[in-house]
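Subject: Structure handover and findings

Hello,

Here is the structure for your files. My notes on what was found follow directly below.

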Amino acid sequence: MRLLVALASTPVAAAVVWTGDIETGDLLQFDSVLNGNVGGVDYATVVQDMVLQGIYAARIELHDDAVWPNGLRRVELHHQPEASRTAEGATTCFGWSLYLPETLPEDPGHTIGYWESQNSYQQMMAFNTNGDDIRFITQQPSYTEHWNAPNVLTPGQWHRIAMCVLWSEDPAVGLVDVWFDGQQVVTA
């Protein structure tokens with residue numbers, strides 16, 4: 001499976017505090033690259049042939065040998081913001097674009113973006129896929145599917161996901177807004 005990713009800041013009223021747009025020509029804007037090279041084969045690279053904007057994009061490939069110790073196949077770019085950016089009551093807005101050269105497999109499904117707690121490493125929210133379907137879920141305090149869109153991950157097209165999150169451990173306070181290809185699909 002191949003996935004191209006272009007990361008850029010989402011326009012908001014606040015100042016940009018981090019950019020992972022790959023325009024440095026490398027992956028050094030990220031804190032780490034998980035399984036970026038397995039057995040001497042690069043699965044996370046910078047390319048210029050399939051770019052949404054600018055000169056560069058990240059190309060992520062997932063192969064059967066890119067296995068994390070928990071048994072999951074994983075290749076990922078990781079950015080951990082300053083603690084204040086996700087502290088109780090803070091709001092963070094961000095977005096990224098993705099390009100799939102071909103339809104993802106239906107089984108097993110894939111997670112194309114997720115957030116986990118820093119200390120427990122439990123997944124809090126994620127974008128999961130099966131084939132060309134995508135859904136946004138939260139896992140805490142319980143599994144909830146907030147959006148499910150069939151047949152929208154069109155191969156050969158760039159897609160844009162943007163989010164604004166009001167971080168809170170209290171479900172009555174915390175909010176998530178999600179946009180897919182410019183259309184708001186999750187509100188509060």
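First, the terms for strands. Two strands pair if DSSP finds at least two bridges between them. Helices (H or I, at least four residues) and strands (E, at least two) are DSSP runs, numbered from the N terminus.

Now the basis. This is a predicted model, so local features need pLDDT of at least 70 and side-chain atom pairs count only at pLDDT 80 or more, while totals for chains, interfaces and linings use all residues. Residues are numbered from 1 along each chain as its sequence is written, and side-chain values use heavy atoms, with hydrogens and water left out.

**Strands β13 to β15**

Strands β13 and β14 run antiparallel and are joined by 6 bridges. Valine 165 has valine 176 of β14 as its bridge partner. Next comes the pairing of β14 with β15 (residues 183–186), which is antiparallel over 3 bridges. There, valine 178 is partnered by valine 186 in β15. The hairpin of β14 and β15 has 2 residues between the strands, and aspartate 181 takes a positive phi near 50 degrees in it.

Which side chains of β14 are buried? Buried means under 20% relative accessible area, exposed means over 50%, and partly exposed is in between (1.4 Å probe, protein chains only). Along β14 (residues 175–180) the side chains alternate. Val176, Val178 and Phe180 point to one face and are buried.

**The disulfide**

The structure has 1 disulfide (a pair of cysteine sulfur atoms within 2.5 Å). Cysteine 93 and cysteine 164 form it, with S to S at 2.0 Å. The pair links distant parts of the chain, 71 residues apart. Cysteine 93 sits in strand β8 (residues 91–99), and cysteine 164 in strand β13 (residues 158–166). What is the handedness of this disulfide? The torsion about the S-S bond is about 110 degrees, so the disulfide is right-handed. Cysteine 93 is partly exposed at 27% relative accessible area, whereas cysteine 164 is buried at 18%.

**The open sheet**

An open sheet holds 4 strands in the order β9-β10-β11-β12, with antiparallel pairing. Its edge strands are β9 (110–116) and β12 (144–149), each pairing on one side only. The twist averages 15 degrees from one strand to the next. For that angle, axes are lines fitted to C-alpha atoms (for helices, over the stretch in contact), and angles run from 0 to 180 degrees between N-to-C directions. Within the sheet, β10 (residues 123–130) and β11 (residues 133–138) run antiparallel, joined by 6 bridges. Asparagine 130 has aspartate 133 of β11 as its bridge partner.

**Salt bridges**

Side chains of opposite charge can pair when their charged atoms come close. The rule used here asks for a side-chain nitrogen of Lys or Arg within 4 Å of a carboxyl oxygen of Asp or Glu. How many salt bridges does the rule give? The count is 4. Among them are these:

- Arginine 59 with glutamate 61, at 3.0 Å, N to O. Glutamate 61 is buried at 16% relative accessible area.
- Arginine 73 with aspartate 64, the closest N and O atoms being 2.8 Å apart. Arginine 73 is partly exposed at 31%, and aspartate 64 is exposed at 62%.
- Arginine 74 with glutamate 76, at 3.1 Å, N to O. Arginine 74 is buried at 15%, and glutamate 76 is buried at 16%.

Best regards
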